[in-house]
Amino acid sequence: KFRIPVVVYIAGPTGFTLIESVQQASDFLFDHWPGNDSLTWTDAMKCCAEDDAVDEASVAFLAALKSAGISYDRTVEIY
């Protein structure tokens, strides 16, 4: 699990998705990334595939979102 969950804003009826784990980040990158071929996408996918790299995966995931212009929020508290 990520230390801080990430709310990612996406097109569609819900408008957002909550990413709480490396697996969810990997799934999001695979499912919502047209082309799947940018350097930041590749780096994030590699980090998500490593077993003990939760913090690195989180950083790489956020970098990929930023690079793609996908909005996200890390200030939402989950109770």
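## Helix packing and selected residues in a predicted model

T75 is exposed, with a relative accessible area of 64%. The model in which this value was computed is a predicted one. T75 lies in the segment that follows strand 3. In sequence, T75 and V7 are 68 residues apart, while their C-alpha atoms are 8.6 Å apart in space.

**Helix 1 and its two sides**

Helix 1 spans residues 22-31, and its buried residues are V22, A25, S26, F28 and L29. These residues cover an arc of only 160° around the axis, which puts them on the same side of helix 1. On the other side of helix 1, the residues Q23, F30 and D31 are exposed. The partners of the buried residues of helix 1 are strand 1 (6-9), strand 2 (16-19), helix 2 (39-49) and helix 3 (54-68).

S26 is one of the residues of helix 1. Is S26 buried or exposed? Its relative accessibility is 17%, and the cut-off for a buried residue is under 20%, so S26 counts as buried. Not counting residues up to four places away in sequence, S26 touches M45 and C48. Both M45 and C48 belong to the helix 2 part of the contact between helix 1 and helix 2.

Two packed helices are described by the angle between their axes and the distance between the axes. The table lists these values for the helix pairs.

| Helix pair | Axis distance | Axis angle |
|---|---|---|
| Helix 1 and helix 2 | within 9 Å | roughly 150° |
| Helix 2 and helix 3 | within 8 Å | roughly 160° |
| Helix 1 and helix 3 | 10 Å | about 30° |

How are helix 1 and helix 2 oriented to each other? Their axes cross at roughly 150°, and angles over 145 degrees count as roughly antiparallel. Helix 1 and helix 2 are therefore roughly antiparallel to each other. The crossing in which helix 1 passes helix 2 is left-handed. Helix 1 contributes V22, A25, S26, L29 and F30 to the contact, and helix 2 contributes W41, A44, M45 and C48. By class, the contact of helix 1 with helix 2 has eight nonpolar residues, one polar residue and no charged residues.

For helix 2 and helix 3, the axes cross at roughly 160°. Helix 2 and helix 3 are therefore roughly antiparallel to each other. Their crossing is left-handed. On the helix 2 side the residues are T40, W41, D43, A44, C47 and C48, and these meet E56, A57, A60, F61, A63, A64 and S67 in helix 3. The contact of helix 2 with helix 3 has, by class, nine nonpolar, two polar and two charged residues.

Helix 1 and helix 3 pack at an angle of about 30°. That makes helix 1 roughly parallel to helix 3, as angles under 35 degrees count as roughly parallel. Helix 1 passes helix 3 in a left-handed crossing. The contact involves V22, A25, F28 and L29 of helix 1, together with V54, A57, F61, A64 and L65 of helix 3. By class, this contact of helix 1 with helix 3 has nine nonpolar residues, with no polar and no charged residues.

S58 has its place in helix 3. At 8% relative accessibility, S58 counts as buried. Which residues does S58 touch, not counting residues up to four places away in sequence? They are F2 and R74.

I70 lies in the loop between helix 3 and strand 3 (72-73). The relative accessibility of I70 is 18%, so I70 counts as buried. I70 and V8 are 62 residues apart in sequence, and their C-alpha atoms are 7.4 Å apart in space. Not counting residues up to four places away in sequence, I70 touches V8, Y9, F28, W33 and L65. Among these partners, F28 and L65 also take part in the contact between helix 1 and helix 3. F28 is also one of the buried residues of helix 1.

Methods
Residues are numbered from 1 along each chain as its sequence is written. This is a predicted model: local features need pLDDT of at least 70, side-chain atom pairs count only at pLDDT 80 or more; totals for chains, interfaces and linings use all residues. Side-chain values use heavy atoms; hydrogens and water are left out. Buried means under 20% relative accessible area, exposed over 50%, partly exposed in between (1.4 Å probe, protein chains only). Helices (H or I, at least four residues) and strands (E, at least two) are DSSP runs, numbered from the N terminus. The arc is that of the directions from the helix axis to the C-beta atoms. Contact means heavy atoms within 4.5 Å. Axes are lines fitted to C-alpha atoms, for helices over the stretch in contact, and angles run from 0 to 180 degrees between N-to-C directions. Angles under 35 degrees count as roughly parallel, over 145 as roughly antiparallel, 65 to 115 as roughly perpendicular and the rest as oblique. A crossing is left-handed if the near helix is turned anticlockwise from the far one by less than a right angle, and right-handed if clockwise. Ala, Val, Leu, Ile, Met, Phe, Trp, Tyr, Cys and Pro count as nonpolar, Asp, Glu, Lys and Arg as charged, and the others, Gly among them, as polar.
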